[in-house]
Amino acid sequence: MHNTGTSHNTLCARLVRLLSAALLLPGLFSCLQNDIPYPRIPVVFTAFDIEGGQAAIDYDRRTVTLTLDEKTDPRRIVLRRVTVSPDNATASRALTGTLDLENPVGVTLSLYQDYDWTIVARQDIEYRFAVEGQNGKAEIDPVNRLAVAYVSESTDITAVKVTDLKLGPEGITRLTPNPVGQTLDFSQGSHRIEAAWHDYTRSWRILVLPRGITTFDPIAWVNVAWLSGIGLEGCTNGFEYRTLDAPAWINVPADVDPEDPTQLSARLTRLSPETIYRCRIWAEDADGERLYGDEKEFTTGRSIPLENASFDNWHQDGLTWLAYAEGGYMFWDSGNHGSITLKKNVTEPTAVTVTGSGQAARLSSQFVNFSGIGKFAAGNLFTGRFVDKDNTDGILEFGRPFTSYPTRLRGWYDYTTAPIDNNANGYEEYAYLKGRPDSCHIYVALGDWSEPLTIQTSTDLTKRKLFSKSDPHIIAYGELVSGNSTGGYQPFSIELDYGWNGTDNRSRKPAYLIIVCSASKYGDFFTGAAGATLLLDDFSLEYDY
């Protein structure tokens, strides 16, 4: 009886355990299913074709900018063809028909994860205002809708004939009243004009003011400066300048704007750094009588050299190589602070130099692996500092304070390329590069940032912050990209373009200088070749004379 009872109890216990396991299995299966990660596949626009404009797709910022023709109505943009990749991705709104872009529009593209994109429209309308006897180009303010034309001081502004006025898109704008060909009295102030196109109506003011010859504020760099101003039509015009304590003026011929003979400019060269100058415009009539514009004062800047530009100064903090002398100023830094956690320096000194003496920088791209943990790391060197680590991602600050106007970066480089064999961390858009030769990348940017630029090379899109050439704070930019092995040191020269974004940035004030060097151009995307090596030596900044 005892044995029978024990057997019965054991059987009951087994049944309870089986029943409990059966009840737990659905939850277990559910847990297993929910914990399987979805693949990370970025979703991007691959084409955005519209009527009456062109599209520019920025994959880093996930924006589509539509530059519209003058006649295109931004509220009724006709979409001809819009495609995304991968093909099976979905969009949060229809991408056919028409699109209203009077204000930016957000679109979420989805495939396993959501990717938020912004579509914006940009429309540049050419405005014109001209009158008889005009002195210089009109000043037109489309924000406040004010157009001002200038005439000489001898002009009778009670009877000024309007010869041209364009306050909206060409061919479709109606002006009420239309003053073109009419003679108007501007002695009491402006005239109001209504401009209408599509179903927009804009109220403008047009104004004519007397003005003599005018010296504009100069643009001064280190050894060069630009002068500009308004001269007098029918006269000989020019500029003159002198140092603050010089008794005599130096005459400079003026360059004339082919579209407006009163718009004058001149480029002064071989100026002395950190020196105060004065300048003025002049106009001389047929009798040899000269009129002068106001005197303007300007001060040339300082020729600032690069710190540790020869890369001779290094020291070690523990195992980490640092590109500055111990106790010195850290102008340059690298990703060694991150790679050293896996017992590797991707940037270090080398005795292989241009001159055969001193030291140079050796940047080595490699798959950094320690105790089964690994990640591709590009050899790199940059102006700024490595701030912190987020797991194996680096948080950096690009840029060092800099207030001068260099015109080029010169130096020497020795590059050894290799086939790209690393592409990881979800950057499938760069997978096509595998097997191709890796490229080194050196770029220099001068900007008016208020603080160093924070960079985070993270695969998490909510954290990732990368350098972008479309950053509006950039004043000047230049770069070198090469996928060829040099077989030894070669000189390079990178010109800084102060009009790189289509605007004249000469008068903007620099605040920071960024120089970034990488043995693998796409190292920020964990794509590159283990074995790609870049040697750098004897950098220098040059200033135009």
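A hairpin of 2 residues links strand 22 to strand 23; strands here are DSSP runs (E, at least two residues; helices are H or I, at least four), numbered from the N terminus. The model is predicted, so local features need pLDDT of at least 70 and side-chain atom pairs count only at pLDDT 80 or more, while totals for chains, interfaces and linings use all residues. Residues are numbered from 1 along each chain as its sequence is written, and side-chain values use heavy atoms, with hydrogens and water left out.

**Strand 23 and its partners**
- Strand 22 (residues 255-257) runs antiparallel to strand 23 and is joined to it by 3 bridges; two strands pair if DSSP finds at least two bridges between them.
- Asp-257 has Asp-260 in strand 23 as its bridge partner.
- Strand 19 (residues 225-230) and strand 23 (residues 260-268) are also antiparallel, with 6 bridges.
- Leu-227 is bridged to Ala-266 in strand 23.

- An open sheet of 5 strands has mixed pairing and the order 10-11-16-15-13.
- Strand 10 (139-141) and strand 13 (174-176) are at the edges with a single partner strand each, so one side of each has no neighbour in the sheet.
- Strand 13 is antiparallel to strand 15 (residues 191-197), and 3 bridges join them.
- Leu-175 lies opposite Ala-195 in strand 15.

**Thr-155**
- Thr-155 is in the loop between strand 11 (146-151) and strand 12 (160-166).
- Its relative accessible area is 26%, so Thr-155 is partly exposed (buried is under 20%, exposed over 50%, partly exposed in between; 1.4 Å probe, protein chains only).
- Thr-155 and Trp-412 are 257 residues apart in sequence and 61 Å apart in space, C-alpha to C-alpha.
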